[in-house]
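Here is a short tour of the contacts in one protein chain, written for someone who would rather see the side chains than read a table. Have the structure open as you go.

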Amino acid sequence: GEDETQSYVSLVDKLAGQTLDFKDAREFSGNADMWIRGKDVFIADQESLTVTKYAVEAGELVQKAKLGFSNYGFTDSFGFWLNTFVGDDKAYFLTPRTEFVVWNPSKMTIDGTIPFPDLDVPAGLMPVAGYTDRAAVVQDGKLYLPIYFTDKDYFTYTPNSKIAVYDTKKDELIATLDAACPGLDYTTVDGAGN
């Protein structure tokens, strides 16, 4: 038979080594990715292309709302490595169509999309946005997202990358900066916020 993937989410009282009983876990067919923000637990389900918001009540996950992303071109990659929480009421989910889906994690609504910048892509290469969970930075009302250029095998890179800058209040692209770095895919912030 075919290999099947199942994902499980279990609530535990402590992080010490223990054996989990999957009969008490919530099961997802296929790959599922989890993100905790405040008191909310979000599950991105790759099979259904949905994000479901849960609350933890009396030691159980209780579903509060579900939001579908199937109209935005997702196929084989759907998880929080493509999402940036801008605030409690706004997040940006990066699509394969090279746009952001603007969604509201509080109300669980989709509020629009933001296109990527027009880029001069060298022949034989493709633009790749850094995974937003490790590459995007939100600071002073702006989102900074690195975009680099590579071949399909991720072997050849241009000597420069771009950084797309978005206004997170207006949900619009405001600048595209040049960065003298090939394959820019990680961003760090020091203790002073730089």
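## Salt bridges

First, a definition: a salt bridge here is a side-chain nitrogen of Lys or Arg within 4 Å of a carboxyl oxygen of Asp or Glu. With that in hand, and keeping in mind that this is a predicted model, the structure holds 5 salt bridges. Let's go through some of them.

Start with Arg37 and Asp88, whose closest N and O atoms are 3.3 Å apart. This bridge links distant parts of the chain: Arg37 sits in strand E3 (residues 32–37), while Asp88 is in the loop between E7 and strand E8 (90–94), 51 residues apart. Arg37 is partly exposed because its relative accessible area is 27%. Asp88, at 57% relative accessibility, counts as exposed.

Next, look at Asp185 and Arg134, where the N to O distance in the salt bridge is 2.4 Å. Asp185 belongs to the segment after strand E15 (172–179) and Arg134 to helix H1 (residues 132–135), so this bridge ties together parts 51 residues apart in sequence. How accessible is Asp185, buried or exposed? Asp185 has 11% relative accessibility, so it counts as buried.

Lys162 is in strand E14 (residues 161–167) and Asp178 in strand E15, and the two are 16 residues apart. Lys162 is partly exposed because its relative accessibility is 24%, and Asp178 counts as exposed because its value is 59%.

## A buried lysine without a bridge

Now for Lys53, which lies in strand E5 (residues 50–57). Lys53 is buried, yet it has no salt bridge. Which side chain of opposite charge is nearest to Lys53? That would be Asp40, 4.2 Å away.

Leaving out residues up to four places away in sequence, Lys53 touches Asp40, Val41, Phe42, Val62, Gln63, Lys64, Ala65, Pro105, Ser106 and Met108.

## Aromatic pairs

Over to the rings. A pair of aromatic rings is described by the distance of the centres and the angle of the planes. A search of the whole structure turns up 18 aromatic pairs. One of these is Phe69 with Trp103, an edge-to-face pair at 6.0 Å centre to centre with 90° between the planes. Phe69 is in the loop between strand E6 (60–68) and strand E7 (83–87), and Trp103 is in strand E9 (residues 99–104), so to speak a link between distant parts of the chain, 34 residues apart. Both Phe69 and Trp103 are buried.

Phe100 and Phe116 make a tilted pair, with 5.9 Å centre to centre and 55° between the planes. Phe100 is in strand E9, and Phe116 is in the loop between strand E10 (109–115) and strand E11 (126–129), 16 residues apart. Phe100 counts as buried because its relative accessibility is 0%. Phe116 is buried too, at 13%. Ring pairs also link Trp35, Phe42, Phe69, Phe74, Phe78, Phe80, Phe85, Phe93 and Trp103 into a cluster. Phe42, a member of that cluster, is also among the residues that Lys53 touches.

Last stop: the backbone. Most residues other than glycine have a negative phi. Which way does phi of Leu49 go, positive or negative? Phi of Leu49 is positive, near 55°. Leu49 lies in the loop between strand E4 (40–45) and E5, and it counts as buried because its relative accessibility is 11%.

Ala58 has a positive phi as well, of about 55°, although it is not a glycine. You'll find Ala58 in the loop between E5 and E6. Ala58 is exposed, since its relative accessible area is 83%.

Note on methods. Residues numbered from 1 in each chain as written. Predicted model: local features only at pLDDT ≥ 70, side-chain atom pairs only at ≥ 80, totals over all residues. Heavy atoms only, no water. Phe/Tyr/Trp six-rings, centres within 6.5 Å; stacked < 30°, edge-to-face > 60°. Helix = DSSP H or I, 4+ residues; strand = E, 2+ residues; numbered from the N terminus. Buried < 20%, exposed > 50% of the residue type's maximum accessible area, 1.4 Å probe, protein only. Lys, Arg positive; Asp, Glu negative; His and termini not counted. Contact = heavy atoms within 4.5 Å.
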